[in-house]
Amino acid sequence: MEIAPGIKYIGVNDHQIDLFEGQYEVPNGMAYNSYAVIDEKTAIFDTVDENFVSQWLENIEKALAGKTPDYLIVQHMEPDHSAGIAVFMEKYPSAQIVASAKAFPIIKNFHGTDFADRRIIAAEGTTLSLGGRTLTFITAPMVHWPEVIVTYDDRTKTLFSADAFGKFGALDSDEDWACEARRYYMGIVGKYGAQVQALLKKASALQIETVCPLHGPVLSGDDLAIALEKYDIWSSYRPENEGVTIAYASIYGHTKDAALELAKQLEEKGVKVSCFDLARDDMAEAVEDSFRYDRLVLASSTYNNGLFPFMQTFIHALTERNFQNRTVAFIENGSWAPAAAKNMKALLENSKNLTFAETVVTLRSALSDESRASLAALAYELVK
Ligand code: FEO
């Protein structure tokens with residue numbers, strides 16, 4: 001598949017995977033993208049996951065049609081993109097690796113050698129001529145590991161963007177880009193908003209017509225414009241949409257009752273609500289929507305004088321991704337000593353620019369007239 005003059009897709013789709021990065025559900029699989037740039041010299045961009053190295057090597061042979069690769073550009077060392085390095089270097093003994101200085105120690109850690117006599121170090125602005133085009137390397141530390149580089153091809157105005165602009169899902173699955181790109185971004189890159197902003201600033205100085213990420217579809221035209229706009233919103237921690245995310249951690253179902261009652265009241269007021277059972281739903285979806293919408297309600301049972309563990313884990317997932325700039329409200333439950341609201345707020349004390357709702361709903365076991373009135377007051381406060 002030719003993407004632009006001299007650029008061919010040589011990646012693979014993975015429908016065998018259970019959890020991406022050992023934690024994320026990927027119901028539509030995953031794509032490990034790789035690209036061949038064929039000019040007077042030939043460069044391969046990144047390898048693939050270990051289960052697909054043979055297939056990828058076949059893709060290279062077909063794409064190159066008898067040519068031999070001159071360079072393996074290693075933009076990112078996470079194993080979903082780097083597992084094939086040693087096999088590739090053995091198969092093509094005249095090839096050189098191009099990567100950042102920070103990548104080579106990691107190459108040695110994974111593959112036992114850093115290919116000291118076969119390497120080119122790509123620093124900020126380093127260029128590499130392939131004959132009819134020049135590649136320029138741009139550092140993108142922490143998007144999403146420290147060694148990451150992205151690469152600009154001046155002939156086709158293509159940016160090879162490493163993990164940036166990636167998404168969950170194999171390329172042969174038909175699904176909305178933003179939904180799975182947002183869940184991917186919030187889960188995997190969400191902590192590094194400042195670094196993504198720095199990369200966007202560097203990218204804005206380039207004339208880019210096509211983006212080739214390491215996951216998800218190649219982006220151009222309107223799709224690329226939308227992706228750039230979303231990345232700016234996500235990486236600056238601005239809410240993307242108006243709406244309320246309700247995340248609950250309920251032991252016997254009474255805290256859940258309160259959460260669903262609040263959801264019903266908000267929906268009756270015309271508010272978009274996204275509701276999650278933190279013990280049963282995909283927590284990555286709950287994280288995604290907590291960043292997507294401008295208001296968040298956390299509902300938890302008190303447990304061992306603290307929080308029901310799923311809520312503890314969830315709030316940690318938010319704060320480690322720099323959750324900020326939102327309104328947050330609490331619903332707590334406790335049969336003899338409710339302490340969940342105090343504990344939830346304490347976990348958010350270092351988060352920037354949060355507005356806490358005045359109304360804190362307290363249940364003492366099950367919903368009562370008093371707690372129903374409190375929920376109504378909270379619903380009113382969240383929409384006013
Ligand atoms: Fe797709 Fe950070 O690896």
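Predicted model: local features only at pLDDT ≥ 70, side-chain atom pairs only at ≥ 80, totals over all residues.

Tutor: Residues are numbered from 1 along each chain as its sequence is written, and side-chain values use heavy atoms, with hydrogens and water left out.

Student: Which class does Pro 105 get?
Tutor: Pro 105 has 46% relative accessibility, which lies between 20% and 50%, so Pro 105 counts as partly exposed. Pro 105 is in helix H4 (residues 103-111); helices (H or I, at least four residues) and strands (E, at least two) are DSSP runs numbered from the N terminus.

Student: What makes the pair Thr 151 and Gln 75 a polar contact?
Tutor: A polar contact is a pair of N or O atoms within 3.5 Å; within protein, one must be able to donate a hydrogen and the other to accept it, and residues adjacent in sequence count only if both atoms are side-chain atoms. The side chains of Thr 151 and Gln 75 are 2.9 Å apart in this contact, so the distance meets the limit. Thr 151 itself lies in strand E14 (residues 149-153).

Student: What makes Glu 285 and Arg 183 a salt bridge?
Tutor: The rule asks for a side-chain nitrogen of Lys or Arg within 4 Å of a carboxyl oxygen of Asp or Glu. For Glu 285 and Arg 183 the N to O distance is 4.0 Å, so the pair counts.

Student: How many salt bridges does the rule find across the interface of domain 1 and domain 2?
Tutor: It finds three. The domain assignment gives domain 1 (2-235) and domain 2 (244-383), and such bounds come from an automatic or database assignment.

Student: How many residues of domain 1 are in contact with domain 2?
Tutor: Nine residues of domain 1 are in contact with ten of domain 2, where contact means heavy atoms within 4.5 Å.

Student: What is the area buried between domain 1 and domain 2?
Tutor: Buried area is the accessible area (1.4 Å probe) that two parts lose on being put together, summed over both. For domain 1 and domain 2 this is about 910 Å². Arg 182, Arg 183 and Met 186 supply 55% of the area that domain 1 buries against domain 2.

Key. Buried < 20%, exposed > 50% of the residue type's maximum accessible area, 1.4 Å probe, protein only.
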